[in-house]
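Please find below my notes on this model.

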Amino acid sequence: MSAFTKLGSGLWSWEPFRRIERSHDDLIGRCTKLFWIALYTAPESKHVPGLISASITTMAESARIPVDDARIYLDRLLEDDLVEVDIERRVMRLTMLPDCGESPANGKAIRGWWNRFGNITPCPVRDAHVELLHWIMTEW
């Protein structure tokens with residue numbers, strides 16, 4: 001598991017990320033972008049790229065923001081289809097990534113993803129993430 005995230009400069013022109021902020025004075029959108037970056041780079045999302053097994057409280061703590069704010073930002077991400085969440089099972093996934101920067105270093109890393117994936121509570125949100133992992137490996 002990597003202690004850093006490869007965050008490409010293409011993020012700033014990636015349309016799904018750009019549309020989060022609706023206008024130049026959309027403070028919720030601007031903060032939501034930062035929340036998305038926090039989710040993407042958080043230690044909780046490093047076990048399996050883009051898949052987080054945590055409560056909204058844990059996500060807020062990881063991003064160092066109040067829980068009520070995290071809920072507002074999560075709503076915006078849900079509205080823009082950038083995340084899927086199973087609140088009851090505490091599973092969240094980023095539905096798309098700006099690039100395949102989180103590609104595995106080798107086959108051992110892929111096996112590690114699979115083992116950690118199996119430790120996440122089974123649910124449709126977790127299972128839907130297989131498609132994104134396949135995309136990362138295909139682009140890699």
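**Notes on the model**

1. Arg30 counts as partly exposed because its relative accessibility is 35%; buried means under 20% relative accessible area, exposed over 50%, and partly exposed in between, with a 1.4 Å probe and protein chains only. This is a predicted model, in which local features need pLDDT of at least 70 and side-chain atom pairs count only at pLDDT 80 or more, while totals for chains, interfaces and linings use all residues. Residues are numbered from 1 along each chain as its sequence is written, and side-chain values use heavy atoms, with hydrogens and water left out.

2. Arg30 forms a salt bridge with Glu21, with the closest N and O atoms 2.8 Å apart; the term requires a side-chain nitrogen of Lys or Arg within 4 Å of a carboxyl oxygen of Asp or Glu. Glu21 counts as buried, at 19% relative accessibility. Lys33 joins Glu21 and Arg30 in a network of salt bridges. The whole structure has nine salt bridges.

3. Helix H2 covers residues 27–41; helices (H or I, at least four residues) and strands (E, at least two) are DSSP runs, numbered from the N terminus. The 15 residues of H2 should span 21 Å at 1.5 Å a residue, and its end C-alpha atoms are 21 Å apart, which agrees; the expected span is 1.5 Å times one less than the number of residues. Among the buried residues of H2 are Thr32, Lys33, Phe35 and Trp36.

4. The largest nonpolar core has 36 residues, of which Phe35, Trp36, Leu39, Leu77, Met92 and Leu94 touch the most other members. Such a core is a set of buried Ala, Val, Leu, Ile, Met, Phe, Trp, Tyr and Cys residues joined through side-chain atoms within 4.5 Å. H2 gives the largest share of this core, six residues. Leu77 touches residues including Phe35, Trp36 and Leu39, residues up to four places away in sequence not being counted; contact means heavy atoms within 4.5 Å.

5. Strand S3 (residues 91–94) is covered on both faces, with Val91 and Arg93 buried on one side and Met92 and Leu94 buried on the other. S3 runs antiparallel to S1 (residues 51–53), joined by three bridges, and antiparallel to S2 (residues 83–86), joined by four; two strands pair if DSSP finds at least two bridges between them. Ile52 stands opposite Met92, and Val83 opposite Leu94.

6. Arg93 counts as buried, at 7% relative accessibility. Its side chain meets that of Glu84 in a salt bridge (3.1 Å, N to O), and Glu84 is partly exposed at 31%.
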